Amino acid sequence: MCGIVGYIGPGDAKSIVISGLKRLEYRGYDSSGIAFIDDDSIIIKKKSGKVSSLDSVVKKDKIEGLCIGHTRWATHGLPNDLNAHPHFSMNKNLAVIHNGVIENYLTIKEGLVNRGYKFVSETDTEVLINLIQDVQTNEKTGLFKSIQLALSQVVGAYSIAVIDKKNSEKIVVAKKGSPLIIGVGNNENFIASDPAPFLNYTKNVIYLKDNEIAEVSASEIKIKNIKNKSKRPYIEKLNIELEAIEKGNYETFMLKEIYEQPKAIVETLRGRISSDFKRTRLRGLNENIDFLKNVKKIIIIACGTSWHAGLVGEYLIEGIARIPVEVEYASEFLYRDPLISTNDMVIAISQSGETADTLSALKLAKQRGAFVYGICNVVGSSIARSAGVGTYTHAGPEIGVASTKSFTSQVTVLILIALYLNTLKERNSSIKITELTKELVQISDKMSRTIDDINDKIIKISELYKDAKNFLYLGRGISFPVALEGALKLKEISYIHAEGYPAAEMKHGPIALIDKNMPTVIIATNKSNYEKVLINAEEIKARSGKLIAIVNKNDKQMSKIADHVIEIAETNNFLSPLITTLPLQLLSYHIAKMRGCNVDQPRNLAKSVTVE
Ligand code: AGP
């Protein structure tokens with residue numbers, strides 16, 4: 001979604017901000033813009049479309065000292081030049097960039113209109129900057145104080161950066177519910193909505209907290225909260241290398257991230273399994289051992305791919321630890337007055353840690369007294385901070401909009417949680433924990449081998465089906481959520497309609513769609529339901545459907561039925577999603593590439609969805 005970047009210091013402000021905006025492109029956006037001060041006036045340049053279009057508009061500008069930039073993902077008003085950020089205040093003394101949504105903007109706007117304010121855009125952001133101007137004019141306060149007073153009237157989520165033409169020595173930033181990070185340099189400072197734009201300049205960062213406002217100059221950072229209490233800036237060191245956010249030799253981030261999965265899993269497991277494979281160590285769980293011994297129910301809340309990981313988690317935790325699990329879309333959980341007790345554990349899963357629906361659902365669960373646990377990839381993200389306790393997936397930055405390595409690393413954390421909860425009370429003694437754990441430690445090798453073995457075959461299959469209009473994905477048991485994830489991957493990056501279904505459920509409706517033009521991907525790797533899946537496969541072939549089957553190496557029977565088989569390395573049923581998902585990711589990837597789609601930045605999508 002929207003991205004913020006800013007620079008203040010002696011460096012080349014224009015190129016730092018423009019290249020920073022390019023590093024934020026992965027978040028998904030529809031327009032971009034910058035603001036800077038020249039000859040005591042604020043200049044704003046903005047353009048709908050890609051940052052490269054903005055590039056050409058600012059080619060001749062020399063920008064010194066200070067510059068702020070923004071990539072916008074439309075919420076209020078069309079994605080056009082007018083609605084793009086930055087926005088001026090009516091007197092043109094101030095300019096703002098803003099991520100998030102001002103929920104009460106219409107009420108505020110009405111008051112401002114009555115006081116003679118005119119608006120040129122349809123955005124909530126322009127309302128905010130005029131509110132700041134209004135406070136400044138009426139209260140005769142400086143920029144910092146005016147922002148403090150204005151924000152105390154605002155309902156919603158925001159991270160903002162404001163500049164004042166009368167003071168080119170500072171940028172004022174503020175945050176509530178949407179991330180804002182200050183990169184601390186040597187006589188220069190940076191601001192951004194995530195660290196990617198300034199990673200090649202500094203790794204020293206300050207994560208602004210909710211309701212904090214900071215005045216950032218080249219040499220100093222002063223932080224206060226909205227109630228004017230001073231805060232001591234806490235500088236942390238980022239543990240991310242620049243190459244982690246670059247494509248390297250890969251054609252796209254998505255392909256890089258698919259190939260990175262075996263390594264990501266190793267990072268997820270690092271230090272979390274005892275050398276005798278008998279125990280898993282998760283600090284967040286260890287610290288709450290007494291509660292967990294008596295936990296009655298686990299509710300998993302998430303969106304999109306993270307929700308699919310949650311569904312896999314249901315099979316894992318119920319199967320391995322025998323604790324009842326419910327999995328809910330965070331957005332639905334939030335608005336149905338859910339029944340939560342103080343004996344329940346609520347797990348919020350989110351790659352970005354910024355998904356607004358998941359964050360709000362987590363806050364609700366907390367309010368109602370549940371033990372809240374976060375599984376996030378982005379360190380220091382809002383969900384991680386708000387949960388207070390949880391596990392990082394450590395998959396490394398995921399830049400491609402389509403989640404790949406975040407899914408498999410989330411599933412890995414859920415396996416660890418299930419194993420931990422089992423050993424806590426031996427809740428299911430029929431599970432051979434040591435064997436399962438050993439297999440988990442070795443799974444990354446199997447994942448690597450599988451990717452290498454199947455890629456060429458999947459390219460050939462993709463050629464045959466790249467023009468299909470619809471796809472069906474089927475799986476049973478723990479492979480059902482993998483089927484859902486496969487369908488989501490295909491639709492989001494190739495724009496082909498795809499549906500995931502439990503294989504047996506097909507005959508209750510979707511079977512009507514099957515004909516010679518309808519490809520079905522079926523996952524047939526699990527011994528416990530293999531025979532049943534074969535029957536479902538026969539049902540498809542009996543109606544002339546095209547069948548692509550994901551099978552274990554040396555499979556005999558499915559090969560006789562399916563049009564194509566993709567052989568993967570065999571593993572324990574509980575761990576199978578870590579491997580079965582790989583062919584589905586590659587299939588969607590190659591089909592999308594062959595159709596000429598931008599797989600890293602699919603249309604209309606954003607990497608972190610920070611609005612409800
Ligand atoms: C997955 O490919 C999508 N990009 C999307 O469904 C994503 O998983 C969802 O928006 C949740 O994001 P999160 O994990 O950052 O919370």
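Predicted model: local features only at pLDDT ≥ 70, side-chain atom pairs only at ≥ 80, totals over all residues.
Helix α7 spans residues 261-269. Its buried residues are Gln261, Pro262, Ala264, Ile265, Thr268 and Leu269. Viewed down the axis of α7, these residues fall within an arc of 160°, so they line one face of the helix. Several other helices contribute to the cover over the buried residues of α7. Among them are α6 (253-259) and α14 (405-425). Helices α15 (433-465) and α19 (577-594) are also included. After α7 comes Gly271, which has a positive phi near 70°.

Ser444 is located in helix α15. With a relative accessible area of 10%, Ser444 falls under the 20% cut-off and is therefore buried. Residues up to four places away in sequence aside, Ser444 touches Pro262 and Val266. Pro262 is itself one of the buried residues of α7.

Two of the covering helices, α15 and α19, also pack against each other. Packed helices are described by the angle and the distance between their axes. For α15 and α19, the axes come within 8 Å. The crossing angle is roughly 30°. The crossing of α15 past α19 is right-handed. The contact of α15 with α19 has 17 nonpolar residues, along with 4 polar and 2 charged ones.

Aromatic contacts were examined next. The model has 8 aromatic pairs. In one of them, the ring centres of Tyr250 and Tyr259 are 5.8 Å apart. Their planes stand at 40°, so this pair is tilted. Tyr250 is partly exposed, at 32% relative accessibility. Tyr259 is partly exposed too, with a relative accessible area of 24%.

Trp307 and Tyr329 form a stacked pair. The distance is 3.8 Å centre to centre, with 15° between the planes. Trp307 belongs to helix α10 (residues 304-321), and Tyr329 to strand β17 (residues 325-329). The pair therefore ties together parts that are 22 residues apart in sequence. Trp307 is buried, with a relative accessible area of 12%. Tyr329, at 39%, is partly exposed. Elsewhere, one aromatic cluster is formed by Tyr7, Phe190, Phe198 and Tyr201.

Two further residues were considered for their position and contacts. Gly396 is found in the loop between β20 (390-392) and α14. Gly396 has a relative accessibility of 25% and counts as partly exposed. In sequence, Gly396 and Glu241 are 155 residues apart. In space, their C-alpha atoms are 9.4 Å apart. Neighbours within four places in sequence aside, Gly396 is in contact with Asn377 and Lys405.

Lys237 lies in strand β15 (residues 236-237). Its relative accessible area is 64%, which is over the 50% cut-off, so Lys237 is exposed. Lys237 and Thr75 are 162 residues apart in sequence. The C-alpha to C-alpha distance between Lys237 and Thr75 is 33 Å. Leaving out neighbours within four places in sequence, Lys237 is in contact with Lys203 and Asn204.

Key: Residues numbered from 1 in each chain as written. Heavy atoms only, no water. Buried < 20%, exposed > 50% of the residue type's maximum accessible area, 1.4 Å probe, protein only. Helix = DSSP H or I, 4+ residues; strand = E, 2+ residues; numbered from the N terminus. Arc of directions from axis to C-beta. Contact = heavy atoms within 4.5 Å. Axes fitted to C-alpha atoms, helices over the stretch in contact; angles between N-to-C directions. Left-handed = near helix turned anticlockwise from the far one by under 90°. Nonpolar A, V, L, I, M, F, W, Y, C, P; charged D, E, K, R; others polar. Phe/Tyr/Trp six-rings, centres within 6.5 Å; stacked < 30°, edge-to-face > 60°.
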